[in-house]
Each structure stands twice: as C-alpha cells, then as structure tokens.
Amino acid sequence: MENKKIKELKVSAIENGTVIDHIPSNAVFQVIRILKLEAFENMVLFATNLESKKYGKKGIVKVSNKFFAPEELNKIALVAPHASIIEIRDFQVQTKTVVETPDRIKGIVRCFNPNCITNIEHIPAIFAVVDKEDTRLKCHYCEKITTRETMEFR
Amino acid sequence: MKNKSLVSINDYSKEEQLRILDIAQEFEKKPVQTILQDYVIASLFFEPSTRTRLSFESAVNRLGGKVVGFSEASNTSVKKGESLRDTILTVANYSDLIVMRNPVEGSARFASEISPVPVINAGDGANQHPTQTLLDLYSIRKTQGTLDNLHIAMVGDLKYGRTIHSLVIALCNYNTTFHLVSPVELKLPSSVKMHIKERKLTYHQYTEMDEVLPHADILYMTRIQRERFSDPLEYERIKNVYNLHKDMIADTKENFRVLHPLPRVNEIAINVDKSPKAYYFEQALNGVFVRQALMASILGIK
C-alpha cells in the first residue's frame, strides 16, 4: 500500500527534509527565491501545474535535508497564502502545518514606489502587513501601500 | 517629548499635538526670546522651499539660536554622490536638531532612525509635512476657539496634496464633518478616506464649491498643479472652476475663515485678501510660533 502511493507521486519522495505543497503554480519560482534555494547545495525538487483537487492547479517544492524556521517559511505566505508545510523524516510525515502571514516583513520585498528611500539608497525595505488576506504592505519609510499586483522580490 | 522626532503627524498623539499648540500660544505672545542661544539647528533643504525654510529659520533666529545648513542640494556633498546616511551622521555632529526637506519619500523616517539628534520632517516628497499640519490645526483652533465639531471644507487637489492628507488624518480626532470639493480626477484617495470611515465621521463630496460655503466654518483652499493633468485644456477648465471671489464669501457664517497653505496662483482672488475672513497670511505667520514650540519641546526646553 505504502509503495503504491509513492509510485503515484509526480515528484519523487524525499527521505528527510521539507515539502512545501499547495503553492499557486505561478508562485513556485518566487518561493524558491524567497527561501534562497537558488544557492542551496542539497537536492531540491519542484514541479508546477500539477493537478490539485482543491485548487485546480498547484506547485510543489521538496527540499531535502533542510528544516526551516517558521519565520523563514512564513515569508512565502505573501505569494502562497495557503501553502502547507510538511516535514519528512525517514520518508514519513512528521508534521504538517500551514503558513501564516507575518505582521512585519523586512528585506524580501521591494517597495513599489520608485521614489521611496529604500529604492534610492541601500536600505532594506520594511513593511507592516496591513491586510493579510489581500496582501497589502505598508512601507515603514514612505508609507505607500504595495499590493500583490505591484509586489516584486529582491 | 524631549528628543522625539516628528516625521509623520501620527508620531504625536492628539495630546502631544495639543501640547505643541499650547506652547505655540505662549510664543505668539512672546516670539522673541533667547532660549535657543546655546543651540545650533541644522536646516537641510535638499530641494528649495522658500516658505517652510524661512519660517523655520525665522523661528530659530527669534529665539536666539544659530542655523547651519543649505537651501538646495546642488552645491553640497550630495551632488558628489554622498549617501543620505553619511550626510545625516556628519551633520548630527554639528547640530542639536536637524530640520530636513528632501524630495525622496521615506527619507525623513530613515534619517530619524539613524540620526543621534532628533529630526523634524519639513516635507519628504509626496509623503508627509507634519509641521504644516500643526500650523493648520493652530490656525483653525485660533480662529474658531475650538477644534471640535467643525465643518471643514477642503477644495482643490485632494488627491496629491499631502497637506490635505495629513490634515484630514489629524482632524479625525475632533469629530470633524468633512466637505470635500474636487474634480473627479483629484478626489481624496481611499487610503486617506479610510481614516474618516474608521472614526465613523461624516463626509460629503462635491465637484463645485458654491453649495458648501454657507455651511463651512473653515474653507481650506489648495492649488491645482498643472503637471497633474495630461490634457492641458482640462487643466485650464478645472483651474477656473475653483476660484474664490469676494462676493462668494458674503453670505458665509460669521466665524468662516479661508485658509491656504500657500503659494496660491489664482484660486483665491486678490480682492478676498482684505476681507476679515481671509486668514492665509496670518496662517503663515502661525507657522513660526508652531515651529518655535516644536523645536523648544524636542530640545527639552519647554
């Protein structure tokens, strides 16, 4: 039974590590970027446009031999508000949680206002998350609102 | 409020704002003093602003303080590519308080966080200009005897005018009824209207000002800037819709006063100036007292 289930996976199972599931298909590369997996040395598996009963289409990222701090993972809630985080040890699911949007974000998002000090000097942008559902970020410096549509990652 | 920088009007609570207005009243009675004689104030104007800069410098000079600084960035180290961080850290060595005008939004918040001496924001791009708001509150209180329960009409460019935005936010503390008069293209943005709605205050929107005038206690006029319009004909049309003439204020309330942050272009006719209901030049004078009060408070003298 167990073996059969593994064979059906579109993306191979990992022995140890973290699976990030239920990512919107168009956000997989952003998740990889936010978690800095571009520079990661162990195996990273990912897929987009997989069929999902819940969301129609979804993406998934599997990172072997890596367990993230919740603050790190919560950053991806900006692009994948319904992502689930599954920790795997010895091919077994250890924990399954969902991401939570943080109240404050530092450094990962660019302020959309080109005349904001954070885009002119080398200063990490800091935002207060004023609306978690629609992802509205108020810049700590220029006080303008960056939305999901205008959001860019550094 | 010693050492408490003022970047956004909301950095100061309602009580703190009122305290500044009370101190300003004392300075209005006695504007020439020597309480700043041991202090050096840095006045860093990265873009020209005649009115705000002269008002600050006059406030310092009348209290016996010294001013160092520049009135535009073109012949300073900024031109050589110095970062704002370095400018602020350097100037903080030479002064007890920094007053800064900078066209970059958020620059004042940043400066206040890295500077070892307090910072007063004298305007950061389209973002904030809190001393203008304080002097507007002072002028409203002085002419009406109160800030509470007033009918305040705001006319002109409500979309881009940062003066309007900060004033609306500040007035939300006083059960104000807002009368917002603007062309459709220049309506008050929802991010500012949100503050009115949160407090469940009443507001009305108009495209013409005639019907507002009999109800208003304060008429706050602003300039409509040509560069906000892609169509020059549209600008010419709108520019002439919001023109206040002497005969228009004949039937207004006894306590009615006209305010304007200045400079004006043609939105208030010269013939209004002589009316006792015209208050914009006194308003500009109040800026000196309010800035004296703010600096004395931040330096811990008052």
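**View 1. Leu180(B) and its bridge partner.** In this predicted model, Leu180(B) has Gln205(B), in strand 7 of chain B, as its bridge partner. Strand 6 of chain B covers residues 177-181. Four bridges link strand 6 to strand 7 of chain B, and the two strands run parallel.

**View 2. The open sheet of chain B.** Five strands of chain B form an open sheet in the order 7-6-5-8-9, and the pairing is parallel. Strand 7 (203-206) and strand 9 (257-259) of chain B have a single partner strand each, so they stand at the edges, with one side of each left without a neighbour in the sheet. From one strand to the next, the twist averages 20°. Strands of a sheet pair through backbone hydrogen bonds, in either a parallel or an antiparallel manner.

**View 3. The side of chain B that touches chain A.** The contact between the chains involves 13 residues of chain B and 14 residues of chain A. On the chain B side, the elements giving two or more residues are helix 3 (84-94) and helix 4 (107-114) of chain B. Helix 4 of chain B supplies the largest share, three residues. Sorted by class, the side of chain B that touches chain A consists of three nonpolar, seven polar and three charged residues.

**View 4. Chain A and its secondary structure.** Chain A contains three helices and eleven strands. Read from the N terminus, the elements of chain A follow the order α-β-α-β-β-α-β-β-β-β-β-β-β-β. The C-alpha trace of chain A spans about 60 × 30 × 20 Å along its principal axes. Of the 154 residues in chain A, 31% are buried. Among contacts in chain A between residues at least 6 apart in sequence, 59% join residues at least 24 apart.

**View 5. The two assigned domains of chain A.** The domain assignment divides chain A into domain 1 (2-98) and domain 2 (104-153). The centres of domain 1 and domain 2 of chain A, taken over C-alpha atoms, are separated by 26 Å. Five residues of domain 1 of chain A and six residues of domain 2 of chain A take part in the contact. On the side of domain 1 of chain A that touches domain 2 of chain A, two residues are nonpolar, one is polar and two are charged.

Conventions:
Residues numbered from 1 in each chain as written. Chains lettered and ligands numbered in written order. Predicted model: local features only at pLDDT ≥ 70, side-chain atom pairs only at ≥ 80, totals over all residues. Pairing = 2+ DSSP bridges. Axes fitted to C-alpha atoms, helices over the stretch in contact; angles between N-to-C directions. Buried ≥ 20, exposed ≤ 12 C-beta atoms within 10 Å, placed from the backbone. Contact = placed C-beta atoms within 7 Å. Nonpolar A, V, L, I, M, F, W, Y, C, P; charged D, E, K, R; others polar. Domains from an automatic or database assignment.
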